Every structure is written in structure tokens, then in C-alpha cells.
Amino acid sequence: MRIDRLGARELGEFWSLLEDVEYLPGPHTALRTPWGELRLERPGALLGEALRRMQLGPVSLGNVVPGFPGYDVPEDEWSEASRELLGALEPLQHVTVRHLAIGASLLLSVIPLSPRARFRPAPAAPGSHLRVPSGAVLRGQGRDPVLAYEGGEHRVELHGPDAPLLLLHLRAGRGDFRSARGVALPWSVVRAARAYTAAAGLLRAVGPQGADPP
């Protein structure tokens, strides 16, 4: 399922390939990447179908593997098909973009910037206070915010009308922020966004007395 076919204001997790990555199926299946051609030795049918869809844009892998787990599902609850596909995607983290959405509205994208990039989001521990450090670059005045470090392995892009509200959550580390219309972001969305941003290396523990993380 493509992201533009969803409507309800619920959390969605989506996957895509980097825009400048080309999937080359055939007898010698490969990915053409910014860092050279990556050969895929005997890719299974699940991986082939996932890559075909991911090249088209953000997609739900639940349409490749029914019940495909979200970031917060423990590994011992994965199906065998989910385990197979996630294992096959593991070496491709540096060419895979991960997205969060609210219904049909894309909210956050984590984009790899290096062939060394690795991304494994996990739920934050209860009671933890994490926020975007002051050293993170906030780019995009007049457009969607971008979080990044010089030399970092990921950047995080926030999208759409909910981006300013989400940025408040990420910069403050806690709190129940609401829009001018009094509409709060669903907590499941905020929790997922914090997990994704932390896994990208752009959310860190708050220091003593609430000091900015280094």
C-alpha cells in the first residue's frame, strides 16, 4: 500500500529506497547506489518484491508480508516471513529511507548519508528524557525543518503541517503540545518519532538540571 492511499489519523511506518538508488532486477540482481553497485546474491522473492515497491516511494511492507512488525514489536513476536525480510533488508540500511506518517500525511523521514549508516529504532525506556541537542543543525527556514550534524550518518526531515508541533516535542524532550486548534499529536506518533530520531543519533539524554545534551 502506498502512503497516499491512507486516510485515518493513525501512525504509519513506511520504507523506501534513496531517491538516487536504482533497483536492477534480473539474473544479476543489484542496486545502483551513490557508493557503487551493490550485488544481491540470490535475493528471495520477498526481498525482490519489497525493493520493487520501495523504489516507487514510501510503502508499507505489511503489503509484502502480512503482519509485518513495527519498530516496537519484540523480535520473538515476528513471523518467519517478517524475520526473513528484515534479515534481508539488514545489509541495505545505508540505502533505505524510513518514514513515519499520520494517516496519509508524511511526518518524518530518516535519510542515510553514509555507506556506514545503520538504523535500528527501539522504544525509549519509560521515564527517559531525550531531546534534540543544541548542536544539531535546524535547516529549512520557511520550509520543513531538517535535523542534522556535520559529518553525521543520517539526517531527519520533518514534513507537513504537523512538523512544527513535532519539533516542539523533539526539542523539549517532554510535554503535551497542542496546535493552535487545540489538536495534539497522537502519543503513539510522538513516541515513534522520538525512537526514530534517537536511532538516527539526533536525540540524546537531557543533562543534569535539564541542561542541553552535548
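Strands count as paired if DSSP finds at least two bridges between them.

Let's look at one pairing. Strand β3 (residues 30-33) and β4 are antiparallel and share four bridges. T33 has G36 in β4 as its bridge partner.

## Two packed helices

Now for the helices (DSSP H or I runs of at least four residues). Helix α3 (residues 163-172) packs against helix α4 (residues 187-199) at an angle of about 60°, and their axes are 10 Å apart. That angle makes α3 oblique to α4, because angles under 35 degrees count as roughly parallel, over 145 as roughly antiparallel, 65 to 115 as roughly perpendicular and the rest as oblique.

Which residues of α3 meet α4? They are L166, H169 and L170, and they meet W187, V190, A193, R194 and T197 in α4; contact means heavy atoms within 4.5 Å.

## How confident is the prediction?

The predictor's confidence in each residue is called pLDDT and runs from 0 to 100. For the protein, the mean pLDDT is 86, with 84% of residues at 70 or more. Over residues 175-182, pLDDT is below 50. Where pLDDT is low, the predicted coordinates should not be read in detail.

## Reading notes

Residues are numbered from 1 along each chain as its sequence is written, and side-chain values use heavy atoms, leaving out hydrogens and water. Local features need pLDDT of at least 70, side-chain atom pairs count only at pLDDT 80 or more, and totals for chains, interfaces and linings use all residues.

Technical notes
Axes are lines fitted to C-alpha atoms, for helices over the stretch in contact, and angles run from 0 to 180 degrees between N-to-C directions.
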